[in-house]
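The sequence and the structure are shown first, and the description follows.

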Amino acid sequence: FQVRPPASASDTLAPLLHWRVCHVFDWLYFETEKHGFPEVAGIASVYGESDVRTGCIGCPLASRDVALENLVQHPDWEHLRPLLELRDLFWEMKKPKWRKRKIKPERRKDGKLAINIQRMGPLTMEARQYFLEKVLDIQKRAGVDLINAEEEARIREMWEEDIWPQRWSADDTDADEPVDMVLRTEDGRLAWQELLIR
């Protein structure tokens, strides 16, 4: 039980914090049914016993999705191979051609300038539709639910209502559109670098 996590979090129960990997596998192989957890008995075979790494499927923070790569080599799980496409899809979503951008320098609630004053923001509506279709195709081919029917219906409903994340709208500029650059100098002033060609 961890009682001193960051102030933004509550106390955390982390029973495996001090276990070695061999302890985890011993529990998965030999103790699950004895302690009333038969549904996790096969989880060790999912992760394999070498090069063990778990995490989010397609995590864009990892250089490779080692756990998923290993998983789809197992005959019982090879149908999940399309999930390997998610990571590249997430990287594609980061590109300016799919996103909005703030042009005017943003300010925080306290009135001070934001750190990233011309930040890129949410996906455009066209990008949302494009990437939703890609994800739905991947989940269909993999035979899993990444987005269930209720979630998909809500997503489409929000599109119809033109709902954007807080402080964003359809009126914000597409991020791949050339704009004058605004920089914050070391002394906190703003400096504009105008486009050379319009």
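Which residue forms a salt bridge with Lys97, and how many Å apart are the closest N and O atoms? The partner of Lys97 is Glu92, and their closest N and O atoms lie 3.6 Å apart. Glu92 is itself one of the buried residues of helix 4. The model described here is a predicted one, and the values below are computed from it.

**Overall architecture**

The protein contains 6 helices and 5 strands. Along the sequence, these elements follow the pattern α-α-α-α-β-β-α-α-β-β-β. Of the 198 residues in the protein, 28% are buried. The accessible surface comes to about 14300 Å², and carbon and sulfur atoms account for 54% of that surface. Among contacts with a separation of 6 or more, 49% are between residues 24 or more positions apart.

**The nonpolar core**

The largest nonpolar core has 22 residues, and the members that touch the most others are Leu80, Leu83, Leu86, Leu89, Leu123 and Phe131. Helix 3 (66-71), helix 4 (85-93) and helix 5 (125-142) are the elements that give two or more residues to this core. Helix 5 gives the most, with 8 residues.

Leaving aside residues up to four places away in sequence, Leu86 touches Ile57, Val135, Ile138 and Leu146.

**Salt bridges**

Side chains of opposite charge can pair when their charged atoms come close. A search of the whole structure finds 15 salt bridges. Three of these pairs are set out below.

| Salt bridge | Closest N and O atoms |
|---|---|
| Lys97 and Glu92 | 3.6 Å |
| Glu106 and Arg119 | 2.5 Å |
| Glu157 and Arg154 | 2.7 Å |

Glu106 counts as buried, at 9% relative accessibility, whereas Arg119 is partly exposed, with a relative accessible area of 24%. The cut-off that separates the two classes is a relative accessible area of 20%.

The pair formed by Glu157 and Arg154 belongs to helix 6 (residues 149-160), where the two residues are 3 apart and are thus separated by about one helical turn. An α-helix has 3.6 residues a turn, so residues three or four places apart point the same way. Both partners count as partly exposed: Glu157 has a relative accessibility of 40%, and Arg154 has one of 38%.

Salt bridges also occur as a network, which links Glu85, Asp137 and Arg141.

**The sheet**

Strands of a sheet pair through backbone hydrogen bonds, either parallel or antiparallel. In this protein, 3 strands form an open sheet in the order 2-1-3, with antiparallel pairing. Strand 2 and strand 3 (173-174) are the edge strands, each of which pairs on one side only. Strand 1 and strand 3 run antiparallel and are joined by 2 bridges. Lys100 stands opposite Asp174, which is in strand 3.

Key
Residues numbered from 1 in each chain as written. Predicted model: local features only at pLDDT ≥ 70, side-chain atom pairs only at ≥ 80, totals over all residues. Heavy atoms only, no water. Helix = DSSP H or I, 4+ residues; strand = E, 2+ residues; numbered from the N terminus. Buried < 20%, exposed > 50% of the residue type's maximum accessible area, 1.4 Å probe, protein only. Contact = heavy atoms within 4.5 Å. Areas by Shrake-Rupley, 256 points an atom, 1.4 Å probe, with all protein chains shown as cover. Core = buried A, V, L, I, M, F, W, Y, C linked by side-chain atoms within 4.5 Å. Salt bridge = Lys/Arg side-chain N within 4 Å of Asp/Glu carboxyl O. Pairing = 2+ DSSP bridges.
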